[in-house]
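Open the structure in your viewer and keep the selection panel ready.

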Amino acid sequence: MRYGKPVLIISMLAALAGCSSMGVEPWERDLLAKQHMAIVADPLEASLDDHIYFSKEATSGGRSFAGGGCGCN
Amino acid sequence: MNTQTKTTFKTCPKASNACQAIAAASALLLGHAAQAEGDFWDFSKDWSFDSAVLYYSEADRVQAFEAIVSATRETDVDDKFNFKITLDSLTGATPLGAVVQNTEQTFTRPSGNGQYTVAAGEIPLDDTFRDTRLQLNAQWTKPAWSGVTTSYGLHFSKEFDYLSLAGNGSLAWEFNQKNSVFSLGLSVASDTFSPYGGIPVAHSQMVVDRVQFADDDAYRAAFDATRDRADDTKQTTDLLLGWTQVVNRSTIMQFNYSYSSVNGYLSDPFKVYSVVDNTGTVIETNGLYAHYYENRPDSRAKHSIFGQVKHHFDESIADFSLRYMTDDWDIDSQTVDYKHLFYVGENSYIEPQFRYYQQSAANFYLPYLLDSQAQPEFASSDIRLGEFTAYTLGFKYGWKTDSGNDIAVRLSYYQQTPKDVLGNHPGQLANAEIYPDLDAFFVQFSYSF
């Protein structure tokens, strides 16, 4: 535990540094620009799924906000 | 804007590419400026629409129909307005929480008006579940300052017995040539539950008229004594921290941490739990069977971690996500979601979908209570707080029409399998089916234009 925090901070900085070397040039975004490659490719489908699982399971959110919405749970 | 560009091209000498490029760039800029000033508030322009309908059906239980229309307006100054309207309708039966018995059982409807009977050996289902809901959402996303985008939203949802109002705000900071995005969001919601018949007193006994009352007034007085308020509220605050990272030309990742705090009335006013003796039979006290309205803590704090990777292969896209959630009710859950989109020809695709979900039980969940046990402060027999695994198998087919609009059809099957949290059960419950399982299918049709 004594070294826990510094190790965590160093790992996060390393991850951050790693992320800065990741990525593409603006002209290399042909595939990423596709609607199917969006993080949420079909927002309405995600919204319908969230409603179903929110009303049948004890977990909601994670991808986006979890709260409120309906009396179904 | 195209017209302007074409006109400007004509004034350049044929050989001067640089001149053409400058002219095109200035036309673009001028176009932007003109749009920014003239068209920003002109809501008759620049709309795109997405719509979807869903039919959801559980074997012998709930049926639901839901329709969504989403209208998005993207202006040339990169502001985005989204308005969404959702309408859904639910009917059918839902587990009451009372334990199965080898004799017929009679229960009172939540309103206190009328009864329903459950056959011997059947898990008690409340067949009065019926509701229609209207939901409206508005979201405004706007570039704020260098590399930072803000987004504000409002949410309204109304059912016959439920009202939900929420607002949200978030900041997204793009850096590293827009390859990294850090986001921070806050959402606050206030919900009001006003069930027909009122909110039951926690742990009060369900009053069932078995002709033991002198008249209707005596029954009604006994029923009303189990209700102490017409409505109650809960407040939800969600905090979301997100990191999106482009890895390379074909891979993108996202990591989210979210914290959710809910305070207020978190019980389900329609659910009960039963007390049984050492033969597994529901006991009788005060001339009534021992079915008590549930009671949950008035606060819940949830933490969740979500990670997603999308990768574009030559002719397909894999979408994989994991979610871990833990809360102070001792519920832990894991979710695995995997979708793989395969392009078929120029204009269509198929997408098999798989989802696995597992949760542990809340620390106050019990399928029933033994009469030898002391009454706990919190108790619920709602299977959604129990331990179970669930999976969903889905298949989607989508195509682009000749006019460039997107259509998709999706068929999914969802199954929940409860796990026994007790191990053994007394008397008549030893071989009974105690936990309700769930089989559902849903069909979705989407159209974007």
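This is a predicted model: local features need pLDDT of at least 70, side-chain atom pairs count only at pLDDT 80 or more; totals for chains, interfaces and linings use all residues.

Residues are numbered from 1 along each chain as its sequence is written, chains are lettered from A and ligands numbered from 1 in the order in which they are written, and side-chain values use heavy atoms, without hydrogens and water.

**Stop 1: the sheet.** Select β17, β14 and β22 of chain B. They form an open, mixed sheet in the order β17-β14-β22. Strands here are DSSP runs (E, at least two residues), numbered from the N terminus. Two strands pair if DSSP finds at least two bridges between them. β17 (291–293) and β22 (369–370) of chain B each have a single partner strand, so one side of each lacks a neighbour in the sheet. Now pick β14 (residues 272–276) of chain B: β14 pairs with β22(B) in the parallel sense, over two bridges. Zoom in on Val275(B); its bridge partner in β22(B) is Leu369(B).

**Stop 2: the nonpolar patch.** Nonpolar side chains (Val, Leu, Ile, Met, Phe, Trp, Tyr) are joined within 5 Å, like charges within 9 Å. Areas come from the Shrake-Rupley method with a 1.4 Å probe; for residues, only the protein chains shown count as cover. Select Trp145(B), Leu171(B) and Phe182(B), which are among the members of this patch of about 800 Å². β9(B) gives the largest share, four residues.

**Stop 3: the charged patch.** Select Asp60(B), Glu122(B), Glu433(B) and Asp437(B), a surface patch of negative charge. Asp and Glu count as negative, Lys and Arg as positive; His and the chain ends are not counted. Each charge is placed at NZ of Lys, CZ of Arg, CG of Asp or CD of Glu. Asp437(B) lies in the loop between β24 (406–418) and β25 (438–448) of chain B.

How values were computed
Patches are made of residues with over 30% relative accessible area and no salt bridge: like charges are joined within 9 Å, nonpolar side chains (Val, Leu, Ile, Met, Phe, Trp, Tyr) within 5 Å. A salt bridge is a side-chain nitrogen of Lys or Arg within 4 Å of a carboxyl oxygen of Asp or Glu.
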